[in-house]
Amino acid sequence: MAKYLYKLGEWASRKSRQVLFGWIAILIVAAIGVGSVGITFNDDMSIPGTKAEKAMDVMNKEFPHGESGGQIKLIFKAPEGQTLESSSTHQKIQDTLDLVLNDKAVESIANPYQAGTISKNKEIGYATITYKVSADKVTDASKDKIKGIAKIAEKNGVQTEIGGTVAFSHVKIGGTSELVGIVIAFGILVFTFASFLAAGLPIITAIIGLGIGAMGILISSNFFSVQATSLSLASMIGLAVGIDYALFIISRHRQQLAQGLSVRESIARATATAGSAVVFAGLTVIVALCGLSVVGIPFLTSMGLSAAFTVLIVMLVSITLVPALLGMFGHRLSPKPKKQVDSKKSLVVKKNKDSNKWGRFVTRYPIQIVLVCLIVTGIISSPVLHMELGLPDNGMKSKETIERRAYDSMAEGFGDGINGPLVVVLDGSKSPNTQVSFTKVAKELSDLPNVSSVSPPTPNQSGKFAMVTVLPKTGPNDSKTKDLVNDIREKGINVNKDEKVKLMVTGSTAVNIDISDKLSEALPQFAALIVIFALLLLLVVFRSILVPIKAVLGFLMTLIATLGFSVFVLQDGHFINFFGIPEAGPLLNFMPVLTTGILFGLAMDYEVFLVSRMREDFTHLRDANKSILSSLKHSGPVVTAAGLIMISVFASFIFAEDSTIKATGLSMAFGVLFDAFVVRMTLVPAVMTLLGKSAWYLPKWLDKSLPTIDVEGESITNHIEDNIDKKVRKY
């Protein structure tokens with residue numbers, strides 16, 4: 001691969017303008033494509049085959065007209081000192097609802113006074129407005145009319161909030177998050193390169209690659225089920241790795257220019273060496289992200305494939321467009337010569353030319369450092385023992401949003417359970433007396449713990465099926481609500497035996513609980529797959545038994561520490577105000593699996609860039625300690641800069657409005673911070689110091705049977721140097 005990349009880098013540097021205009025043309029064509037076909041996101045996060053989904057299918061089949069139209073709830077709160085039954089308040093609400101009828105898209109209105117949807121204290125009630133079309137097809141014009149009507153009611157002295165199945169807030173595509181990350185990354189690059197020009201190139205190439213990747217995702221949303229969060233996740237990862245991959249190639253190029261290589265030769269070698277590592281690292285991230293499809297959950301597959309596609313594009317941009325731009329700017333990217341130092345300082349510099357302070361510190365106290373890393377990991381990871389999974393509901397949104405205000409108003413009037421009702425489908429097709437059985441089952445459900453109320457059974461046209469709405473006393477993401485779902489299902493076993501009635505629980509709350517359970521079951525399997533893949537991959541790359549084991553154990557430390565930190569902040573609520581998290585709540589149910597896939601790819605990136613240099617130096621020097629010092633001296637600064645850039649990009653998404661994106665950005669930022677600086681830059685060299693030469697042990701029979709993968713492109717460098725030596729000897 002290194003030979004092909006050498007030729008590719010040399011070609012790109014010669015055809016720099018064509019390569020640049022080619023990528024820009026692809027970006028323009030992709031943008032035109034988006035403008036032509038539009039964007040069609042599908043934010044469905046269901047998992048076919050779960051108990052709740054099966055119950056939903058039965059309900060839709062037996063009650064085909066039950067939930068056909070989108071619904072908006074107008075929630076009214078009486079003025080202080082009055083109730084909704086006060087004559088003036090009653091009249092104002094009636095006048096408000098009369099305005100709603102002016103919208104021809106409205107199918108019907110369930111008046112709170114007629115439907116009985118008024119709280120016990122008569123202070124809060126809601127009207128249900130049903131539209132002729134489904135919730136996702138209710139027009140913006142209809143939504144604007146409802147907002148305007150709500151404002152009129154507010155002016156008349158009746159507090160009015162808007163809820164229901166029709167969404168008023170959407171995940172914003174793009175925004176300040178990416179901009180903040182780019183600005184911080186640019187600052188880190190300027191400090192690293194001491195050059196505005198060199199710092200700007202990784203930003204430019206990453207933006208072009210990210211733009212093409214994002215456009216591709218937007219176009220694919222018209223043909224596949226793609227969530228809006230998939231685009232945000234792809235942007236997060238694509239921007240971070242795009243900048244990092246360009247950083248590795250440009251850094252190697254500048255080092256070679258400082259050694260006296262010509263521009264074109266340096267570009268070709270940088271593409272062959274650092275470019276080989278970039279391709280390997282990129283493919284590792286892509287495999288990890290595509291591996292999310294193994295879990296068998298559609299929305300996770302969509303997220304993984306979207307992000308993998310974006311990483312593929314930025315990787316291709318890195319090994320083609322970066323060399324092209326390096327060729328265009330030539331010697332202007334050469335590092336400035338270092339200032340001369342006095343004789344005393346020069347002796348110190350010469351003595352420490354192959355090491356730095358951090359390397360000498362880590363290799364001097366390896367046992368103490370390993371113990372500290374393990375203790376820190378244990379402390380940070382401890383909250384994972386009480387981790388709870390769920391999907392964010394409207395109660396976890398900012399109090400400034402329409403959905404959160406409606407959520408709070410409904411909870412105030414009718415209890416927390418009103419925001420997460422459970423729908424129980426009763427299948428009495430085998431019961432000898434269905435109506436009596438249905439009534440008896442409803443009574444038994446009302447006797448379960450944590451039940452606020454149970455509606456009378458509503459039979460379908462055949463009378464063989466009925467629906468019962470169970471309101472819990474607790475909210476959708478409360479663990480007691482999950483217990484209630486399990487209690488109903490256990491009750492169903494006995495009911496099926498005694499009454500010949502089958503109970504099936506569904507509704508958004510039950511669906512979310514089943515999704516969380518499914519993801520919890522999938523995590524160990526996915527983690528095991530990742531670990532096995534990592535062991536085999538690193539065994540081939542580093543030709544060592546202990547190095548892959550050490551790398552995998554480090555990854556597992558990063559994973560549990562990241563989950564522990566996420567639970568500590570997002571679930572337990574520590575520092576949520578500092579990070580701008582509106583409310584504490586259960587961890588995103590797909591975060592553990594998603595974190596495993598993403599962090600594996602990124603962790604292996606840093607492992608390869610750092611440890612491959614150790615292996616390269618050990619092969620030449622046969623001195624384990626010197627190889628560690630050399631790696632931390634030469635590869636350490638690049639890994640440090642790459643880690644800081646990735647952290648800044650992920651952390652910038654904490655400023656996003658969507659709670660899902662906030663949580664993901666925060667967790668990923670901490671995960672990279674921990675892996676890059678605690679595991680790779682601290683624990684790894686300390687463990688390698690303790691292992692010494694044994695770290696590179698591999699039985700000869702295994703060494704012969706393994707394929708050779710030249711990650712750093714060392715073979716091409718040796719080949720070129722050998723050719724140069726032959727020419728010198730010839731003349």
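User: Why is lysine 500 called partly exposed?

Analyst: Its relative accessibility is 43%; buried means under 20% relative accessible area, exposed over 50%, and partly exposed in between, with a 1.4 Å probe and protein chains only. Lysine 500 is therefore partly exposed. The model is predicted, so local features need pLDDT of at least 70 and side-chain atom pairs pLDDT 80 or more, while totals for chains, interfaces and linings use all residues. Residues are numbered from 1 along each chain as its sequence is written, and side-chain values use heavy atoms, without hydrogens and water.

User: Why is threonine 273 called buried?

Analyst: Its relative accessibility is 2%, so threonine 273 counts as buried.

User: What makes the pair of threonine 273 and arginine 252 a polar contact?

Analyst: Their side chains are joined at 3.1 Å. A polar contact is a pair of N or O atoms within 3.5 Å; within protein, one must be able to donate a hydrogen and the other to accept it, and residues adjacent in sequence count only if both atoms are side-chain atoms.

User: Why are H13 and H24 called oblique to each other?

Analyst: Their axes come within 8 Å and cross at roughly 50 degrees. Angles under 35 degrees count as roughly parallel, over 145 as roughly antiparallel, 65 to 115 as roughly perpendicular and the rest as oblique. H13 and H24 are therefore oblique.

Key. Axes fitted to C-alpha atoms, helices over the stretch in contact; angles between N-to-C directions. Helix = DSSP H or I, 4+ residues; strand = E, 2+ residues; numbered from the N terminus.
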